[in-house]
Amino acid sequence: MGKFGFGAKLKNLFGLNKTLDESFFEDLEDTLIEGDFGAKNAMEISDLVRENKPKTEDELTELVKTTISEKISSADLTPIKGELNVYLVLGVNGVGKTTSIGKMAKYYSKKGYSVIMAAADTFRAAAIEQLEMHAERTGTRIVHQETGSDPGAVVYDAITSALAKGDELILCDTAGRMHNKENLMKELQKINKIIGARVKPENVRKILVLDATTGQNAVSQARLFNEAVKLDAVILTKYDSQSKAGALTQIGIPVAFVGTGEHYEDFEVFDKEEYIKALIGK
Ligand SMILES: Nc1nc2c(ncn2[C@@H]2O[C@H](COP(=O)(O)OP(=O)(O)O)[C@@H](O)[C@H]2O)c(=O)[nH]1
Ligand SMILES: [Mg+2]
């Protein structure tokens with residue numbers, strides 16, 4: 001967040017209006033809504049400010065910071081060593097699923113896990129090739145079939161293959177779009193069921209990839225996917241560009257990683273303190 005980001009705006013509120021009158025609260029709520037905190041959070045923070053009557057910018061910032069902090073959490077994505085773990089990677093087209101799988105493959109193989117990829121985005125013609133490219137570049141084994149094949153069958157094959165070879169982590173790519181939303185959600189549920197039938201539930205993670213620049217849209221995506229399969233974690237991509245990061249406070253799903261660029265190294269474990277610092281400023 002730059003000079004004119006949320007943190008700066010929040011600080012300016014006091015500069016513009018030193019008394020906590022109605023116009024102050026209107027400005028505060030507008031600032032929060034513009035920052036993608038959502039109407040509910042904006043009201044909650046506004047009420048808290050009314051109760052606590054902060055006297056300085058710092059006191060106001062501290063109040064907002066505490067509330068935000070309660071609404072964001074970190075996800076621990078540590079695969080269980082010596083067992084098969086499956087990470088199902090979900091999200092709409094273009095958010096960065098396939099790229100994040102490449103990044104995770106690198107991250108987890110560096111940590112000593114035996115990782116494979118499953119190309120279960122069989123809907124788009126280029127999707128399998130794209131994952132194959134990441135597999136090649138990161139030296140990861142990949143299980144795939146041809147475009148149009150049943151994604152559930154791909155995942156089933158990947159599990160069979162991983163169990164046979166003793167792999168520890170399957171990263172499953174999935175489609176972000178199909179003929180319609182209902183089809184996509186049904187398919188994801190089917191894949192999830194296939195995994196659930198063969199892998200211990202505590203070793204399965206459903207991970208939603210969200211583009212940090214989409215703001216309020218990310219909130220509805222999270223709701224939609226969470227209804228289809230209960231989500232365990234979020235990966236926040238494109239955090240490098242101007243981000244509308246307040247949306248995270250509305251999602252309520254723990255965050256595992258942030259993507260900060262297009263390269264494999266542009267991938268970090270989510271650091272909540274750093275995130276809030278960047279959002280609000282010191
Ligand atoms: N700047 C930036 N670009 C990203 C990041 N993650 C993915 N991308 C880019 O976003 C585009 C879509 O990514 P892709 O992985 O194909 O998305 P998918 O459709 O969800 O699989 C590609 O051009 C990626 O290089 C990120 O963290 N930062
Ligand atoms: Mg993809």
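The charged end of Lys81 is placed over the ring of Tyr113, at 4.7 Å from the ring's centre. This arrangement belongs to a predicted model. Tyr113 is also one of the members of an aromatic cluster, together with Tyr87, Tyr107, Tyr108, Phe257 and Phe267.

**Nonpolar cores**

- In soluble globular proteins, nonpolar side chains tend to be buried together.
- The largest nonpolar core here contains 63 residues, and Phe6, Ile68, Ile170 and Ile195 have the most contacts inside it.
- This core lies between domain 1 (6-71) and domain 2 (85-280), because both domains give residues to it.
- Another core, of 25 residues, lies apart from it; Ala105, Ala233, Phe257 and Phe267 are among its residues.
- Beyond the residues up to four places away in sequence, Ile68 touches Phe6, Phe37, Thr249, Ile276, Leu279 and Ile280.

**Aromatic rings**

- A pair of aromatic rings is described by the distance of the centres and the angle of the planes.
- The whole structure holds 11 aromatic pairs.
- The pair of Phe6 and Phe37 is tilted, because its planes meet at 40°, with the ring centres 4.6 Å apart.
- Phe6 belongs to helix H1 (residues 6-16) and Phe37 to the loop between helix H2 (22-34) and helix H3 (38-52), so their pairing ties together parts that are 31 residues apart in sequence.
- Phe6 and Phe37 are both buried.
- Tyr108 and Phe257 make an edge-to-face pair, with 6.2 Å from centre to centre and 85° between the planes.
- Since Tyr108 lies in helix H5 (residues 97-110) and Phe257 in strand S7 (residues 255-259), this pair ties together parts that are 149 residues apart in sequence.
- Both Tyr108 and Phe257 are buried.
- Arg198 lies over the face of Tyr156, 4.1 Å from the ring centre.

**Asn85**

- Asn85 is part of strand S1 (residues 85-90).
- Asn85 counts as buried because its relative accessibility is 2%, where buried means under 20%.
- Leaving out residues up to four places away in sequence, Asn85 touches Pro79, Ile80, Glu168, Leu169, Ile170 and Asn203.

**Ser149**

- Ser149 occupies the loop between strand S3 (141-143) and helix H7 (151-165).
- With a relative accessible area of 13%, Ser149 is buried.
- The side chain of Ser149 reaches the backbone oxygen of Glu146 at 2.6 Å.
- Apart from neighbours within four places in sequence, Ser149 contacts Thr122 and Val154.
- Ser149 and Leu131 are 18 residues apart along the chain, and their C-alpha atoms are separated by 16 Å.

Notes: Residues are numbered from 1 along each chain as its sequence is written. Chains are lettered from A and ligands numbered from 1 in the order in which they are written. This is a predicted model: local features need pLDDT of at least 70, side-chain atom pairs count only at pLDDT 80 or more; totals for chains, interfaces and linings use all residues. Side-chain values use heavy atoms; hydrogens and water are left out. Helices (H or I, at least four residues) and strands (E, at least two) are DSSP runs, numbered from the N terminus. Buried means under 20% relative accessible area, exposed over 50%, partly exposed in between (1.4 Å probe, protein chains only). Contact means heavy atoms within 4.5 Å. A polar contact is a pair of N or O atoms within 3.5 Å; within protein, one must be able to donate a hydrogen and the other to accept it, and residues adjacent in sequence count only if both atoms are side-chain atoms. A nonpolar core is a set of buried Ala, Val, Leu, Ile, Met, Phe, Trp, Tyr and Cys residues joined through side-chain atoms within 4.5 Å. Domain bounds come from an automatic or database domain assignment. Rings of Phe, Tyr and Trp (its six-membered ring) pair if their centres lie within 6.5 Å; planes under 30 degrees apart count as stacked, over 60 as edge-to-face and the rest as tilted. A charge sits over a ring if NZ of Lys or CZ of Arg is within 6 Å of the ring centre and within 35 degrees of the ring normal.
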